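Look through the structure below before reading on. The paragraphs that follow take it step by step.

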2 protein chains.
Amino acid sequence: MKVNGTPTRTIWQAADGQAVEIIDQTKLPHALEIVRLTGLAEAAHAISAMLVRGAPLIGATAAYGMWLAMREDASDSGLSIAHDTLYATRPTAVNLRWALDAARARLSTLTPNDRVDAALALAQEICEEDVAINQGIGTSGLPIIEAIAARKADGQPVNILTHCNAGWLATVDWGTATAPIYMAHDAGIPVHVWVDETRPRNQGASLTAWELGNHGVPHTVIVDNAGGHYMQHGMVDMVITGTDRTTAAGDVCNKIGTYLKALAAKDNSVPFYVGLPSPTIDWTIEDGVRDVPIEERSADEVKHMTGRLDTGDIATVLITPEDSPAANPAFDVTPARLVTGLITERGIAEPSVEGLLSLFPERRAA
Amino acid sequence: MKVNGTPTRTIWQAADGQAVEIIDQTKLPHALEIVRLTGLAEAAHAISAMLVRGAPLIGATAAYGMWLAMREDASDSGLSIAHDTLYATRPTAVNLRWALDAARARLSTLTPNDRVDAALALAQEICEEDVAINQGIGTSGLPIIEAIAARKADGQPVNILTHCNAGWLATVDWGTATAPIYMAHDAGIPVHVWVDETRPRNQGASLTAWELGNHGVPHTVIVDNAGGHYMQHGMVDMVITGTDRTTAAGDVCNKIGTYLKALAAKDNSVPFYVGLPSPTIDWTIEDGVRDVPIEERSADEVKHMTGRLDTGDIATVLITPEDSPAANPAFDVTPARLVTGLITERGIAEPSVEGLLSLFPERRAA
C-alpha cells in the first residue's frame, strides 16, 4: 500500500541485493524508519524485538532470515543454527515455525553451494504467496462493500469498523481485514473506517490509523468502548476484523475485545465479517471458547502507555496505581454464531464446519 | 472509605472551621494531595478544573462554595454572583444546578447576617443526604453479593466487574456502584473486583483502582476489551456500574462502553446491575437510545494519555498519528432489556416503568 504516495511493502530485498529491508514498526506512528537487516542476528532481533509483527510478516522475515544466514554459513550446522535461532525468537508464532520448517526441508536436500539462492527464492515465494492470499481476500470481500455502497445515497461513505491491526503492516501487503477496504477505496467507493484503538498495545491507534492515513483512506480513531454506541445509532455499516486462529467450525480467535464488537454487531444487525487467510484455519478443533488457549501477556502492557511527548521524544507513562495488579489476556474467541461470514482467498464461507469445507473440500475426511 | 487506614470523605469542613478541604483528584492515582478551598474563586476552580468530579461531589462542592462565598459577601448581589460563578463552572452538571438553586432559594429568604450559617448547614445537609443515598444503595445491593457468596466454595471470592468510577471518589462517601462492594468487603465476604480501565479518561485505572486498593479491596485492572473474555470463562459473577442518567423505563446512560459489557453479561448469563441513586432518574423520558443526547468530548482525550514517568513527573503522550482524526462520545445507553436490576436506595427495581414506579409511587401520574 502507499506511504507518502509510494507503493510500499513491509519487507523487501534491498536495492543492492545484499540485505533485507523492513519498516521498524516499533517507531510507528511517530516515525517511519527503514531498517537494513544484513545477517542472521539482525533478522532474529527484528522478530524478537517486534520491529516486525503480524503472523504473515513474521513468517516472511524468518524466511528472509534463512537467506541472510545461508550467506553467512550455508553448511549443515549453519542451517541448523539458523533454524533454531529464528525459531526461538517467538516460539508460539505458527507462521514462523511453518516458514522455518519449509526452509529447512527444502535447503537440507541441497548442497551448501545452492542454498543461498534457494533460500532467497523461497523467501520471495512466501512473500508472493502472502500477497496473493490477501489480494484474494480483497477480491472476495469487495462485493460486500460494493453492495452496501449501492444502497447508500450518492457520496455517502460506507462506514466500516475494524479492531486491532489486520492491515498491510501485519502482512507483506494489503492486509487481511483491510484488503477489501483498500480495494474499495482504490476503486473509488467512498469508505470511512472507525479504527478501534485496541488496548492494551494500541495496534489500531498506532498502526491501522497510520497505514490508512498514508494510503489516503478516511478514518477516525475511537476508543474500544465506543463502537457499540455507533452501531446503536446506525453509524456502522459493517465490521471486518482479522483473526489469529479460526476453528474448523468458524469460531474466531482474535485480539482481545473482538467478541464485544461482534456482540454489538449482532444486537444491531450490523454484518460482522472476518478476513480469514486459510493458513490460519485450525482444522483440528471446533469449539474455540473451550479449546483455544489464550496467551496471558505482561501486566505492564496494561499499566503503562507509550507515546510521543511534546518534545518529540518517546516516553512510557504509568497509568494505574503502582501497586494495583493488572491482568492481560491477549485474545478472545468470537463464537461462530456471531459471525456473518468468513472472507477467505477462495470466497466467503459461512462460519460452520460445512461452510468452511465447501470452500476447502480437500480438507473433507482428510 | 479508608485511605491509609483512615476513614475519609471526598469533601469536608477544615478542622479550623475556616475552609473546605477536598482531595485533588487530578493528582490520583500518583499522589494524594488535599487542597484547602477558602473562597468562592477557589471553589469554582476546583469544579471547573476537575479537582472534584462526579455529579454528587460536584453538587456538594458547589454547596460548600456558596458557604465560602457568603463568608466573603453575603449581600443579595454577593448571593447572585456566587450562584452564577459556580453555575458557569460546569453548566451541564445536573447536581450542580440543583444544589445551587436550592442554596439560592433558601438563602434569599434570609437576611445577609443569617446566610453564612444557613449556607454551611445546607452544604452539610446535601453531603449527609448523598451519604445516606449511597448507604441505601449499599444496603439494597448487599444481599445480591451475599447470595452469590453463599453459592461459592468456601473462601472463593465473588468476582464483580465494574466500569468507570462510580465509587466514593465520585460522591461524598461509599459511591453508588461500589457501596454494595464496600459493604460486602467490610462484612467479611471475600470479593474481588475486575476494574475496567475505562478509556479514554481512565477513571477505572486511576480512580477506582486507587480507592479499592486504599480500602483494601482485592482488585485487578483490565483493559475495557477484556471483560467479555472473562465472562465467557465464568470468571465474573456479576457486573455493577453506576449511571449518569436512567430513563423512567430503565434505560441506563452511563460511561461509554457500559453497553458492551451489558451485552457480554447477557450473552453469558452474568447478572448486570446498576447502582442508581434516585435523583439521577429522568422521569420525563423512556427511550434512552433515542432521547438521551450524548456529549461529544475533545478528540485530544482519545489521542493522548497522561501518566507518571519513571522520574515521577506527570507527562502526556500522543498515541495516534498526529493527523488522524478521533471521535469521543462520552456515554452510551444500555437498554433496559440488558439490565438485571436497578439498585436504588429504596431497594432493587426491575428495569421498567412499572418496576421503578413500584419503588417510587409518588411519581405515579404526577
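At what angle do helix α2 and helix α5 of chain B pack? The angle is about 170°, and the axes of the two helices are 8 Å apart. In this predicted model, helix α2 of chain B covers residues 55-72 and helix α5 of chain B covers residues 112-150. Angles over 145 degrees count as roughly antiparallel, so α2(B) is roughly antiparallel to α5(B).

The residues that make this contact can be listed by helix. On the side of α2(B) they are Pro56(B), Ala60(B), Ala63(B), Tyr64(B), Met66(B), Trp67(B), Met70(B) and Arg71(B). On the side of α5(B) they are Arg115(B), Val116(B), Ala119(B), Leu120(B), Ala123(B), Gln124(B), Ile126(B), Cys127(B) and Asp130(B). Sorted by class, the contact of α2(B) with α5(B) has 13 nonpolar residues, one polar residue and three charged residues.

Helix α5 of chain B also packs with helix α4 of chain B, which is made of residues 94-108. Here the angle is about 145° and the axes are 10 Å apart. The crossing of α4(B) and α5(B) is right-handed. From α4(B), the residues in the contact are Trp98(B), Ala99(B), Ala102(B), Ala103(B), Arg106(B), Leu107(B) and Ser108(B). They meet Arg115(B), Ala118(B), Ala119(B), Leu122(B), Glu125(B), Ile126(B) and Glu129(B) of α5(B). This contact of α4(B) with α5(B) has nine nonpolar, one polar and four charged residues. Arg115(B), Ala119(B) and Ile126(B) of α5(B) take part in the contact with α2(B) and also in the contact with α4(B).

Now turn to chain A. How far apart are the axes of helix α6 and helix α7 of chain A? They are 12 Å apart, and the helices pack at an angle of about 20°. Helix α6 of chain A consists of residues 179-186, and helix α7 of chain A consists of residues 203-215. Angles under 35 degrees count as roughly parallel, and α6(A) and α7(A) are therefore roughly parallel to each other. Their crossing is right-handed. Tyr182(A), His185(A) and Asp186(A) of α6(A) are in contact with Glu211(A), Leu212(A) and His215(A) of α7(A). By class, the residues of this contact are two nonpolar, two polar and two charged.

The loop between β7 (191-196) and α7 of chain A holds Pro200(A). The peptide bond that leads from Arg199(A) to Pro200(A) is cis, with omega near 10°. Thr198(A) lies in the loop between β7 and α7 of chain A as well. Thr198(A) is not a glycine, yet its phi is positive, at about 70°. In chain B, a cis peptide bond joins Leu28(B) and Pro29(B), with omega about 5°. Pro29(B) sits in the loop between β4 (20-23) and β5 (34-37) of chain B.

How are the two chains related? A rotation of 180° with 0.0 Å of shift along its axis superposes chain A on chain B, with an RMSD of 0.1 Å. The two copies are thus related as by a two-fold rotation axis. Of the interface residues of chain A, 100% are also interface residues in chain B, so the copies meet through the same surface.

Last comes the confidence of the prediction. The average pLDDT of chain A is 97, and 100% of its residues score at least 70. For the complex, the predictor gives an ipTM of 0.96 and a pTM of 0.96.

Notes
Residues are numbered from 1 along each chain as its sequence is written. Chains are lettered from A and ligands numbered from 1 in the order in which they are written. This is a predicted model: local features need pLDDT of at least 70, side-chain atom pairs count only at pLDDT 80 or more; totals for chains, interfaces and linings use all residues. Side-chain values use heavy atoms; hydrogens and water are left out. Axes are lines fitted to C-alpha atoms, for helices over the stretch in contact, and angles run from 0 to 180 degrees between N-to-C directions. Helices (H or I, at least four residues) and strands (E, at least two) are DSSP runs, numbered from the N terminus. Angles under 35 degrees count as roughly parallel, over 145 as roughly antiparallel, 65 to 115 as roughly perpendicular and the rest as oblique. A crossing is left-handed if the near helix is turned anticlockwise from the far one by less than a right angle, and right-handed if clockwise. Contact means heavy atoms within 4.5 Å. Ala, Val, Leu, Ile, Met, Phe, Trp, Tyr, Cys and Pro count as nonpolar, Asp, Glu, Lys and Arg as charged, and the others, Gly among them, as polar. pLDDT is the predictor's confidence in each residue, from 0 to 100. Copies are superposed by least squares on the C-alpha atoms of residues with pLDDT of at least 70 in both.
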